[in-house]
Each structure stands twice: as structure tokens, then as C-alpha cells.
Amino acid sequence: MNTKEELAGFVTLQRLLDRKSVLKQQIATPPEPLVQLRTSGDSRRAALAEKQARRGVLSAEQEQLAKEIEDLREEREHFRKQKSLVTTMKQLTAVVSELDHVEGQLKSREERLLAVMQELETLDADLAVLQRETPEERAAREAAEAAWEEQRRLASEELEGVERRIREVGRQLGPAAFERFKRLWNSRRPHAVVPLDGTACSACHAELRPSLVQQVRTGEELQYCDTCRRLLYDPDTVNPLW
Ligand SMILES: [Zn+2]
């Protein structure tokens, strides 16, 4: 294999590796509209959990209040009966004071129970809304998931092809040249083999010596940028294998 063929092989590998990185990125990154649909589902579920927890607390309080109110009503009944049986002013004063106390307790609990029931009613209405993914939301999310699955499948298929092609080009280059490429790649990835940009390096934009530009154009030897040490090629003369 001569230098021109080796350079063409290296350019090919660089392009295949560029494509491989694009595909891997595509496979790993769900499209933004899908991310948004998923996130709106997540925040809805979080709000749902929070409201359900609050509902549990309120339900327990409601049950407790109902029991206390029932007891206080019995107590009130008891003092009312006592009131009808008193015979002295002193007894009457004592019973009335007890009655006032019970009435006060009853009133504050009844007020609280009313507030709890109102909040529960509001919560139940909110929960009914939150529990429901509208058919439109569901359809949009499922369509986006299916499209993403298909995109990923296609990208994975192409990625397999690209990886197979990288191995093939490696075999065409032979072990020694493939090893040279790997060393270069490992030290300068993700852009190890770069085209001239006029008379400059397209990677670091350094202006190249005229003799270097000339050597890159003839392509008889591998030439590297003096500044960034990347392998240079002339895009007008190199014929990649892919
Ligand atoms: Zn450079």
C-alpha cells in the first residue's frame, strides 16, 4: 500500500469515526419534544403524589374530628340533662360553665371539620384532573416514543455498518498502518485527520508554510500540521474509500 492509499484510508477512517460519533450521540439523546412530553408526565406524577399524601393526612384528621365531635355531643347531652335537674343556683352556675366549655370545643372542631372537608373536595377535584392523561397527551407521547424507537433502530443499524466498515478499512490498510492510525487517533481525537482550509489547517486555523502546503497537495508523504500535529490532507485530491 503506497502513501496515497494509506492517506485515503486514514481519511476514510476519520469520516467513519465522525459518523460513528454522530450516530452514538443520536442513539443516546432522545429528541427534545419527546423529552418535554416525558417531563410533563413526570411533573404531573409528582404533583399527584404530593396531593395524594395531603389527602391521606386530611382524611385521618377528618376521622379524628368526627370522633371527637361525637364524644362532645354526648357530653353536651349529659350536661343538658344535668341542667334540667339542678336545684340550686350554685349547681346551675357550675353546669352552665361546663356546657359553655363543651359548646366552645364543639364549635372549634366543627369549624375545623368544615375546612377539612372543603380542602378535601378541592383536592379530589385536582386529583381527578391529574390522574387523567388526556387521550391527546397519551397519543402524542406514544407517537413520539414510537418515532424515537424507529430512529434509534435505524441509527443502530447504521452504526453496526459503520463499525464493520472501520474493521474492513483496517484490514485493507494492514496491521502496521492501522496501528499508526490508532496512535494518531488516540492522541488527537476526535479530529485526527483534517483537510487543508486553503493554505491553513482547518482544525487549529494556523497558516501553514508554503512548502508544507505543497507537500500536502502532492500527497507523497504523510504531513502534519506544525502547530497541532494533526495529519493533513488536500480535500481536492484525496479519494476516500467511503
Ligand atoms: Zn493544526
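Predicted model: local features only at pLDDT ≥ 70, side-chain atom pairs only at ≥ 80, totals over all residues.

Modeller: R229 counts as partly exposed because 14 C-beta neighbours lie inside 10 Å.

Biologist: Why is R229 called partly exposed with 14 C-beta neighbours?

Modeller: A residue is buried at 20 or more such neighbours and exposed at 12 or fewer. The value for R229 is 14, in between, so R229 is partly exposed. R229 sits in the loop between β3 (223–224) and β4 (231–233).

Biologist: What makes the phi of R229 worth a remark?

Modeller: Most residues other than glycine have a negative phi. R229 is not a glycine, yet its phi is positive, about 65°.

Biologist: Why does H205 count as exposed?

Modeller: H205 has 11 C-beta neighbours inside 10 Å. The cut-off for exposed is 12 or fewer, so H205 is exposed. H205 is found in the loop between β2 (200–201) and α6 (210–218). H205 also has a positive phi of about 65°, although it is not a glycine.

Biologist: Which peptide bond is cis, and what is its omega?

Modeller: The bond joining R189 and P190 is cis, with an omega of about 5°. Most peptide bonds are trans. P190 belongs to the loop between α5 (175–188) and β1 (193–197).

Biologist: How do you know which residues make up domain 1 and domain 2?

Modeller: The domain assignment of the protein chain gives 3–27 + 173–233 for domain 1 and 32–151 for domain 2. The C-alpha centres of domain 1 and domain 2 are 70 Å apart.

Definitions and conventions. Residues numbered from 1 in each chain as written. Domains from an automatic or database assignment. Helix = DSSP H or I, 4+ residues; strand = E, 2+ residues; numbered from the N terminus.
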